[in-house]
Amino acid sequence: MILTKAQYDEIAQCLVSVPPTRQSLRKLKQRFPSQSQATLLSIFSQEYQKHIKRTHAKHHTSEAIESYYQRYLSGVGKNGAAPVLLELANEVDYAPSLMARIILERFLQEHEETPPSKSVINSMLRDPSQIPDGVLANQVYQCIVNDCCYGPLVDCIKHAIGHEHEVLLRDLLLEKNLSFLDEDQLRAKGYDKTPDFILQVPVAVEGHIIHWIESKASFGDECSHHAYLHDQFWSYWNR
């Protein structure tokens, strides 16, 4: 389905005051019943990520980190089973997975002899059972599973959806009897950066000649189009 700029702007404006929760997504679907859940989730995620980028710095000052950590310790000291970290993230309007990373890094700095590496942090976020504190492990887990825009669970979902769309695109090309080379075949030929598929015989679509196809399993707003043009598409076009 093609979304007009006016429809996109209406959805984006509606998201300004909407917290990033699954309950909000359900309300959004009720507000825009003609749009698919996947479209709304993709727009929701992109708009929220823009918000996080704008406010990221204020959450990473030494004062903010120490304040969050002390509030976390006070909260779990009163009730370690309560979703202290998740509620803190929602209160200060920060992604739960990113708040979990802040607290985990601060905890390890206090309890480990050497500063934790990025790979160690990432591994613990992917598998909270590795965290050497049961209460914190549970708090981090709650943040990961309740974050619909960031975190290792979201990354896995995005990767799976991206792969699924590439498979669907391949099936469509085969169904249309179009001759193409995929990424693996192109890399074998020595290409370092390639689109998902290059058509060996270009085709015409709505008056445009198509030489290659790049599959993006997300909503294409102006910001993402600009980024993809700069990072990928112009180099493909120039070739």
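**Notes on the predicted model**

1. Three strands form an open sheet in the order 1-2-3, and the pairing is antiparallel. Strand 1 (180-182) and strand 3 (208-213) are the edge strands; each has a single partner strand, so one side of each has no neighbour in the sheet. On average, neighbouring strands are turned by 35° against each other, direction ignored.

2. Now the pairing in detail. Strand 1 pairs with strand 2 (residues 197-205) through three bridges in the antiparallel sense, and D182 lies opposite F197 of strand 2. Strand 2 and strand 3 are also antiparallel, with five bridges between them; here A204 has I209 in strand 3 as its bridge partner. Two residues separate the strands in the hairpin of strand 2 and strand 3, where E206 takes a positive phi near 50°. That residue deserves a look on your screen.

3. Which helix packs on the sheet? With strand 1 and strand 2 paired over three bridges, helix 9 (residues 152-175) packs on the sheet and touches strand 1, strand 2 and strand 3. The direction of helix 9 makes about 65° with that of strand 2.

4. Next, a helix pair. Helix 5 (residues 84-91) packs against helix 6 (residues 96-111) at an angle of about 115°, and their axes are 9 Å apart. The crossing of helix 5 with helix 6 is right-handed. Helix 5 contributes L85, L86, L88, A89 and N90 to the contact, while helix 6 contributes P96, M99, A100 and I103. Sorted by class, the residues of this contact are eight nonpolar, one polar and no charged.

5. Helix 3 is worth a paragraph of its own. With 19 residues, helix 3 reaches 27 Å from its first C-alpha to its last, close to the 27 Å expected at 1.5 Å a residue. The buried residues of helix 3 are L40, S42, I43, F44, S45, Q46, E47, Y48, Q49, H51, I52 and T55. In general, an α-helix has 3.6 residues a turn, so residues three or four places apart point the same way.

6. Is S42 buried or exposed? S42 sits in helix 3 (residues 37-55), and its relative accessible area is 13%, so S42 counts as buried, the limit being under 20%. Leaving aside residues up to four places away in sequence, S42 touches S218 and F219.

7. For contrast, please look at L229, which lies in helix 11 (residues 222-238). L229 has a relative accessible area of 30% and is therefore partly exposed, a class that runs between the limits of 20% and 50%. From L229 to P83 there are 146 residues in sequence and 41 Å in space, C-alpha to C-alpha.

8. Finally, the overall picture. The protein chain has 11 helices and three strands, running α-α-α-α-α-α-α-α-α-β-α-β-β-α from the N terminus on. The C-alpha trace spans about 65 × 45 × 30 Å along its principal axes. Of the 239 residues in the protein chain, 38% are buried. Among contacts between residues at least 6 apart in sequence, 54% join residues at least 24 apart.

Conventions
Residues are numbered from 1 along each chain as its sequence is written. This is a predicted model: local features need pLDDT of at least 70, side-chain atom pairs count only at pLDDT 80 or more; totals for chains, interfaces and linings use all residues. Side-chain values use heavy atoms; hydrogens and water are left out. Helices (H or I, at least four residues) and strands (E, at least two) are DSSP runs, numbered from the N terminus. Buried means under 20% relative accessible area, exposed over 50%, partly exposed in between (1.4 Å probe, protein chains only). Contact means heavy atoms within 4.5 Å. Two strands pair if DSSP finds at least two bridges between them. Axes are lines fitted to C-alpha atoms, for helices over the stretch in contact, and angles run from 0 to 180 degrees between N-to-C directions. A crossing is left-handed if the near helix is turned anticlockwise from the far one by less than a right angle, and right-handed if clockwise. Ala, Val, Leu, Ile, Met, Phe, Trp, Tyr, Cys and Pro count as nonpolar, Asp, Glu, Lys and Arg as charged, and the others, Gly among them, as polar. The expected span of a helix is 1.5 Å times one less than its number of residues.
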